[in-house]
Amino acid sequence: MHEIITLQLGQQSNYLATHFWNAQESYFTYSEDQEPAINHDIHWRPGIGADGTETYMPRTVIYDLKGGFGSMAKTNALYNDLEEGQTPQALWNGPTVLQKQPAIPQSAYQQSLDAGLEPPPLTTDTVRYWSDFNRVFYHPRSVVQLNEYELNSSIMPFERYATGEDLFASLDKEHDLLDRDLRPFIEEADQMQGIQVMTGLDDAWGGFAAKYLERIRDEYGKTAMFVWGSEQESAMRTGGLSREKRLLRLANKARTMTEVYKYASVVVPFTVPATLPGSVVLDAGSQWHNTALLAAAIESVTLPSRLRDAANRDTLGTLADTLNAMGKQNVASLGMSFAPEPAEGEDIVMGGTQDLRQRQLLNQKSSRHAAVMAKENPEGVFLDINFTPSDQLDYVRRRGGGDDNRPRVFSQVLTSRGYELDEQAQEAKEAEEDERFRRRSSYETLMRSYHTPLRFPLLDSFPQIFRDDSGEPLKRGGGINVTSSLSTDASVYKRLKLLRTTVGRSIGMEDREQLGNELAEMADEYHEGWSSGSDDGDDD
C-alpha cells in the first residue's frame, strides 16, 4: 500500500501536523458512489477499538514535552480501556506511584466535537495547545510524553542541540525508542514507501531528531526520509529573543543540518517569511496561524505521495530522486501561491465593468496548472511565498524577488490543486516526460509536475488567514486553489556559507573546525551555476 509513517517532534511540529491530519480527515468520503481522491491507507491504519469496533487512525508517533499535549489524554473514546490510575504497559512494566496534577480543561471546540454539536469559532485566544483544534483520534501507542522536560520551562529549557541529543540517548538506552515507538507502525505496513519527520531545527528537538534519524537509517538503509524542519525566525525578527539566544538558535541549526543531511533523503528548512502577499493576513505570534500557512504548502506539495490518480501519483522516493538529481543536493526550499476560486458563474464587477486585474487573474487559471507553469518557466518556477529561512543573525528585510536575485534552480517538484485541466495543460503534461529526459542528459533544470482537482480545505479548525480580492476573509467550509513547490537551488550555497561564518565564533574550538568543514562541504554541492546576478557575499 506504500504507507508513510510520520514522526512528530515537539510543540511547533505538532501544531503543523495537527493541521495536516485535520486536512487528511476531511478527505474521507462516506458514500458508496463517491470515489475519494486520496488513498487513505497511505497515512491511516485500520484497527480494532476497545469495544471491538473498527477504527482508522493516523500512522504517526507524537512526541512532546510534559504539558505539551494540553487536554488530550493518551486514551480516547475508541481506546479507553485502561483502568483509572493504570499505566500503559508499553511504557513501564515496574511498580508505579500515582502523582496527579490539575487537568487542563478541554476547549469549548473539543467539548462540542465530543458532544456531536456545531463547534464555536476558534480564535487565537481559545487555541492554547495544538490539541485544542485537533479533529482526529490517535491510537494510544502514538502518544509519547517526555516527562524529563516541561514545556516552556525557564528552569530547564529545552533549547540546546546537545540537550536533545542527550535526551534521546538516555531514553533510547533505557527503552530502545525505535523498537518501542516506531517499529510497531513500520511492521504493520505492507510496503512502506517512506518516513516523514516534522521537527524543529533550531532548538533541542534538532539534536533529538538527528539521533533518531541516525537510528532509523541504520535499521532501514534504503527508506526515503523527508525531514520538515521548522525554525522560529519570526521571534528573531520581532525582537523577542536576545542576540545571544538568536546566535544559539543558529548554532543549533548548523549542528542539526550537518547531521540530518547525512541521513535524510530530503531536508526542508522553513519559516513564515516577514513579507507576505496582501492576500495572507496572520498573527505572527500565533503558532496556530503560522503553522496553518505552512501546512497548506506542505500538505499540497506532498499530495502526489497519496493520490489515487496514477498519472499524478509518485512515491516519496521518486520525489527525492527528482530533487537530488545532480549529486548530494538534498536541502530543498518550499514555496507556495494560492488563489480563491470564484463561485460558478460569478463575474467580478467594479464600477460597472469587470475589473482588469480580476479578469487577468481569472484568465490565468489554466496557466497556474503545474505542467503549464513548468513548461513556461523552464529554469524554475518562483511562487509568491518563499518559506526559506534567511539564516541571518541580525534581521535584514529581503530584497525584492526580481529576476536578478533568482538563483539557478537545479531541480523542482511542482504540485497544483484545484485549477482547471484544459487542453494546454494536458499537452504540457504529456510532453513533460520526454523533456525531463532531455534536460537530465544536458544538466538543465529538472522539473516534475503534478495536478489534482482536489482543493485545499478551509475547515472550521483552520484560521481565516486567507483573503479574497476585496480583502475579506475566505469563508470556512470552502477551499482554495494552491500551487506549491520544492526546489533545490544555488541559494543554499550562500546561506550555508553565511551560517558557517555566523556561528563559527560561538562554537568551541574542539568542534569549530569539524562543523565549519561539514558546512563548507554541504555548500560546495550547490556552488555550480551560481546566479551571475547575485555577486554579494563571500566565496571562501
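Me: Which residue in E3 is the bridge partner of Ile48?
Reply: This is a predicted model, and in it strand E2 covers residues 44-48 while strand E3 covers residues 54-58. The two pair in the antiparallel sense over 5 bridges. Ile48 sits in E2, and its bridge partner in E3 is Glu54.

Me: And which residue in the hairpin of E2 and E3 takes a positive phi?
Reply: There are 5 residues between the strands of that hairpin. One of them has a phi near 90 degrees, and that's Gly52.

Me: On to helix H2, residues 108-115: why do its buried residues line one face?
Reply: The buried ones are Tyr109, Gln110 and Ser112. They line one face because, looking down the axis of H2, they fall within an arc of 160 degrees.

Me: What does the face of H2 turned away from the buried side carry?
Reply: Over there you find exposed residues.

Me: How do H3 and H4 sit relative to each other, roughly parallel or roughly perpendicular?
Reply: H3 spans residues 161-175 and H4 spans residues 177-187, and their axes come within 6 Å. The axes cross at roughly 85 degrees. An angle of 65 to 115 degrees counts as roughly perpendicular, so H3 is to H4 roughly perpendicular.

Me: How many residues of the contact of H3 with H4 are nonpolar?
Reply: H3 brings Phe168, Leu171, Asp172 and His175, and H4 brings Leu177, Leu178 and Arg180. Of these contact residues, 2 are charged and 1 is polar, and the number of nonpolar ones is 4.

Key. Residues are numbered from 1 along each chain as its sequence is written. This is a predicted model: local features need pLDDT of at least 70, side-chain atom pairs count only at pLDDT 80 or more; totals for chains, interfaces and linings use all residues. Side-chain values use heavy atoms; hydrogens and water are left out. Axes are lines fitted to C-alpha atoms, for helices over the stretch in contact, and angles run from 0 to 180 degrees between N-to-C directions. Helices (H or I, at least four residues) and strands (E, at least two) are DSSP runs, numbered from the N terminus. Angles under 35 degrees count as roughly parallel, over 145 as roughly antiparallel, 65 to 115 as roughly perpendicular and the rest as oblique. Contact means heavy atoms within 4.5 Å. Ala, Val, Leu, Ile, Met, Phe, Trp, Tyr, Cys and Pro count as nonpolar, Asp, Glu, Lys and Arg as charged, and the others, Gly among them, as polar. Two strands pair if DSSP finds at least two bridges between them. Buried means under 20% relative accessible area, exposed over 50%, partly exposed in between (1.4 Å probe, protein chains only). The arc is that of the directions from the helix axis to the C-beta atoms.
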